Amino acid sequence: KNASLRSVAVARLTDQVSLANVVVDASDGEVRNAAVAKLTDQPMLAKCAVEARDVDVRNAALEKLNDPAWLTKFVLEGKEWHIRKVAAEKLRVTNYNVSEAIKVDVTILASSDPAERRGAARNVSDQTLLAMVAADDTDSSVRDAANEKLIDQVVLTRIATESTDPRIRKVAVEKLMNRTVL
């Protein structure tokens, strides 16, 4: 009953900051979903795509996000593979004009062509993005290409201990300078 009352209250809200606060702070998922559905302010949607407590609400906020500056920020700085990938797909589909450096990141995340993603992986220097690709890309040759570019020892340690792909783990172990951490 309380959730229903809160949903009715959210339905009456129009203030974007208040709606964003509900998305981030409300304990009930139905109430959070109702609030994100009413959000239109791009900075508030971006805040919710990062700070909402559950992935469905973060995804709903990201789906409504269409500002190329925010989408580019998510491509470059997103903490989750899925967030980066969705933002890249949105940039790619809408043909927003982005810099050449960003196009490589967008390609590696959003292209359906493994050869194109593999080529992009060879041109990426962002170790966090490479780690995500090495761990999560659906194509093993793309994971291999990303893994070849990894040099960050912390990232390599994480891949050596956590990757489900034995080939990726093996390469990461071979690149580690201090194998005693394993």
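Helices (H or I, at least four residues) are DSSP runs, numbered from the N terminus. The model is predicted: local features need pLDDT of at least 70, side-chain atom pairs count only at pLDDT 80 or more, and totals for chains, interfaces and linings use all residues. Residues are numbered from 1 along each chain as its sequence is written, and side-chain values use heavy atoms, with hydrogens and water left out.

**View 1. Lining of the largest pocket.** A pocket is an open set of points on a 1 Å grid over the protein atoms alone, where a 1.4 Å probe fits, with protein on both sides within 12 Å along at least five of seven lines; lining residues have an atom within 4 Å of a point. Of its 14 lining residues, Val50, Phe74, Glu77, Gly78 and Lys79 are the closest to the centre. Helix 4 and helix 6 (68-77) are the elements that give two or more residues to this lining. Helix 4 gives the most, with five residues.

**View 2. Buried residues of helix 2.** Helix 2 spans residues 16-25, and Gln16, Leu19, Ala20, Val22, Val23 and Val24 are buried there (under 20% relative accessible area, 1.4 Å probe, protein chains only). Helix 1 (2-12), helix 3 (29-38), helix 4 (42-51) and helix 5 (55-64) are among what covers these buried residues.

**View 3. Ala160 in helix 12.** Ala160 lies in helix 12, residues 153-162. Ala160 has a relative accessible area of 10%, so this residue is buried. Lys170 is ten residues from Ala160 in sequence, and their C-alpha atoms are 6.9 Å apart in space.

Methods:
Buried < 20%, exposed > 50% of the residue type's maximum accessible area, 1.4 Å probe, protein only. Contact = heavy atoms within 4.5 Å.
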